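Subject: Structure handover

Hi,

Here is the structure I promised to pass on. Please open it alongside this note.

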Amino acid sequence: MTHLHLLLTATVTPSEQNSSRKSGWETAMAKDILGEAGLHFDELNKLRVLDPEVTQQTIELKEECKDFVDKIGQFQKIVGGLIELVDQLAKEAENEKMKAIGARNLLKSIAKQREAQQQQLQALIAEKKMQLERYRVEYEALCKVEAEQNEFIDQFIFQK
């Protein structure tokens, strides 16, 4: 019964406590009993479920969590910007790679065209050499025919 009386005494408002004729010893004992029951008074003498120290630690933890969340948000923005930059650089690198591949393929194509053209020119040279040889043989044959005809003409003139 004494505990209940002290509990009720401890739950009165601070102004009621001041007007009460209870001694400081009873108030301290009531606070101890309430503390054991998990109830505490804050700095404004309001009854709280949590110990004021735990409440302060909770507030500090809440502020630290808010700071942490803010820092994570900033980190995500930085990382997002970095990812965007890396993606842009990757696209530029891919474009340059495609240009280089195109240039390499063009050079290979030009080299193949030159090789084909060289082969065509070599075939044309061989054909012209054969034609020259035919003309040389024909020229020699015509020279021989001319010499024979000149000889025939000379013999014909001498016979007359």
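Below is what was found in it.

**Basis**

This is a predicted model: local features need pLDDT of at least 70, side-chain atom pairs count only at pLDDT 80 or more, and totals for chains, interfaces and linings use all residues. Residues are numbered from 1 along each chain as its sequence is written, and side-chain values use heavy atoms, with hydrogens and water left out.

**Fold and burial**

The protein chain has 4 helices and 2 strands. Both kinds of element are DSSP runs, numbered from the N terminus: helices are H or I with at least four residues, strands are E with at least two. Starting at the N terminus, the order is α-α-α-β-β-α. Helix α4 covers residues 52–159.

Of the 160 residues in the protein chain, 5% are buried. The classes are: buried under 20% relative accessible area, exposed over 50%, partly exposed in between (1.4 Å probe, protein chains only). Areas come from the Shrake-Rupley method with a 1.4 Å probe, and for residues only the protein chains shown count as cover.

**UniProt annotation**

UniProt lists residues 107–138 as "coiled-coil region", in an unreviewed entry. Its positions are given in the numbering used here, feature names are shortened, and annotations may be inferred rather than shown by experiment. In the model, residues 107–138 are 100% helix and 0% strand.

**Salt bridges**

Side chains of opposite charge can pair when their charged atoms come close. The rule here is a side-chain nitrogen of Lys or Arg within 4 Å of a carboxyl oxygen of Asp or Glu. That gives 4 salt bridges.

- Glutamate 96 bridges to lysine 99 at 3.6 Å, N to O. Both sit in helix α4, 3 residues apart, about one turn of the helix. Glutamate 96 is partly exposed because its relative accessibility is 48%. Lysine 99 is exposed, at 56%.
- Arginine 136 bridges to glutamate 133 at 2.2 Å, N to O. They are 3 residues apart in helix α4, so about one helical turn separates them. Arginine 136 is partly exposed at 37% relative accessibility. Glutamate 133 is partly exposed, also with a value of 37%.
- Glutamate 140 bridges to arginine 136, with the closest N and O atoms 2.5 Å apart. This pair lies in helix α4 too, 4 residues apart, about one turn of the helix. Glutamate 140 has a relative accessible area of 43%, so it counts as partly exposed. Salt bridges with shared partners join Glu133, Arg136 and Glu140 into one network.

**Surface patches**

Patches are built from residues with over 30% relative accessible area and no salt bridge; like charges are joined within 9 Å, nonpolar side chains (Val, Leu, Ile, Met, Phe, Trp, Tyr) within 5 Å.

Which residues make the nonpolar surface patch of about 370 Å²? Leu82, Leu85, Val86 and Leu89 do. Valine 86 is in helix α4. Valine 86 counts as partly exposed because its relative accessibility is 46%.

A negative surface patch comes from Glu60, Glu63, Glu64 and Asp67. Lys and Arg count as positive, Asp and Glu as negative; His and the chain ends are not counted. Each charge is placed at NZ of Lys, CZ of Arg, CG of Asp or CD of Glu. Glutamate 63 lies in helix α4. Glutamate 63 is partly exposed, with 48% relative accessibility.

Best wishes
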